[in-house]
Amino acid sequence: MRKHLFPFSILLLTVLTGCQDTWLMYDTGQKSQLYFTSTDNGTKTADFSLIVENEILVGDSVRVMGMPVDRDRVYEIECLEVPDGSTFTTGTVTRPMVSGILGRDFRVGELRIPAGKVSAKLDVILTRSEAMKDQAVCVWIRLKENAEFAACAPDSTKNSSGILTPEYQIVVSDGDPACPVWWKWNGAAYPLGWHPYLGNYYPDKYRRMLQYLREAETLSPTFYLTYTGNWGLNLENAPR
């Protein structure tokens, strides 16, 4: 019995010694960190050219790297500017890209993590403006440190959901609709998939396709709800 007890005693002593004072390594007074999760699927975009509404609600979840508390917590953001001379290309169209202006091109909802929660939706309300007619407008938001929170590092590593980042970015346009990511602008040159059926991209062709989709709401409600439910009202989430 003793020959089995001795190795177990050594193992137990090692574990207890290794754990000694490890609580000192964690600063219980440190701020919780905030982050967005990027899926790394390219730049988010929004387009007013296919809708009559003057506002588009977008946004993302702000998550807390830390424990929930029993009170509401307010966080802060700041707006960043794109470098001078920036451009944004969709298909064969390249537009100048300028920084979105808070109060003109967009506004934000409540900046609050509710009591007992470790995440909350940051609503970003995009507003149609003249600046979007002939140029792309980049809304670029970064989480900002305050008394409650710190922002995660820009080079945070991946988790199971994506890349942790302190920034949220979306490019907004108006005028002619941009070529969606699932439609190759020169689709006729691709013999596989649905590209030869779609053919080359033209704004009027895209509008007509969406017109037929809208009509399906009356003619075939099940078809309409299935496809818009999975892919969005303008097919913006359709698979590539």
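This is a short talk on how side chains pack and pair in one protein structure.

Hi everyone. The model is predicted, so local features need pLDDT of at least 70 and side-chain atom pairs count only at pLDDT 80 or more, while totals for chains, interfaces and linings use all residues. Residues are numbered from 1 along each chain as its sequence is written, and side-chain values use heavy atoms, with hydrogens and water left out.

Let's start inside. In soluble globular proteins, nonpolar side chains tend to be buried together. A nonpolar core here means a set of buried Ala, Val, Leu, Ile, Met, Phe, Trp, Tyr and Cys residues joined through side-chain atoms within 4.5 Å. Buried is under 20% relative accessible area, exposed is over 50%, and partly exposed is in between, using a 1.4 Å probe and protein chains only.

Which residues touch the most other members of the largest core? They are V62, Y75, V124, L126 and V139, out of 26 residues in that core. Strands β1 (32–38), β3 (55–65), β10 (119–127), β11 (136–144) and β14 (167–173) each supply at least two residues of this core. Helices (H or I, at least four residues) and strands (E, at least two) are DSSP runs, numbered from the N terminus. There is also a second, separate core of 13 residues, and L50, A216, L235 and A238 are among them.

Zoom in on Y75. Leaving out residues up to four places away in sequence, Y75 has contacts (heavy atoms within 4.5 Å) with residues including L34, V62, I113 and F149.

Next, the rings. Rings of Phe, Tyr and Trp (its six-membered ring) pair if their centres lie within 6.5 Å; planes under 30 degrees apart count as stacked, over 60 as edge-to-face, and the rest as tilted. How many aromatic pairs does that rule give? The count is six. One of these is W183 with Y201, edge-to-face at 5.2 Å centre to centre and 90° between the planes. W183 sits in the loop between β14 and α2 (195–198), and Y201 in the loop between α2 and α3 (203–219), so this pair ties together parts 18 residues apart in sequence. Both W183 and Y201 are buried. Ring pairs also link W183, Y201 and Y206 into a cluster.

Another pair is Y227 and W231: their ring centres are 5.0 Å apart and their planes at 80°, so this one is edge-to-face. These two are four residues apart in helix α4 (residues 221–231), about one helical turn. Y227 is partly exposed at 31%, and W231 is partly exposed at 21%.

Finally, charges. Side chains of opposite charge can pair when their charged atoms come close. A salt bridge is a side-chain nitrogen of Lys or Arg within 4 Å of a carboxyl oxygen of Asp or Glu, and this structure holds twelve. E55 bridges to R107, with the closest N and O atoms 2.8 Å apart. That pair links distant parts of the chain, with E55 in β3 and R107 in β8 (residues 106–108), 52 residues apart.

Is E110 buried or exposed? With a relative accessible area of 54%, E110 is exposed. E110 forms a salt bridge with R112, the closest N and O atoms being 3.1 Å apart, and D72, E110 and R112 are linked in a network of salt bridges.
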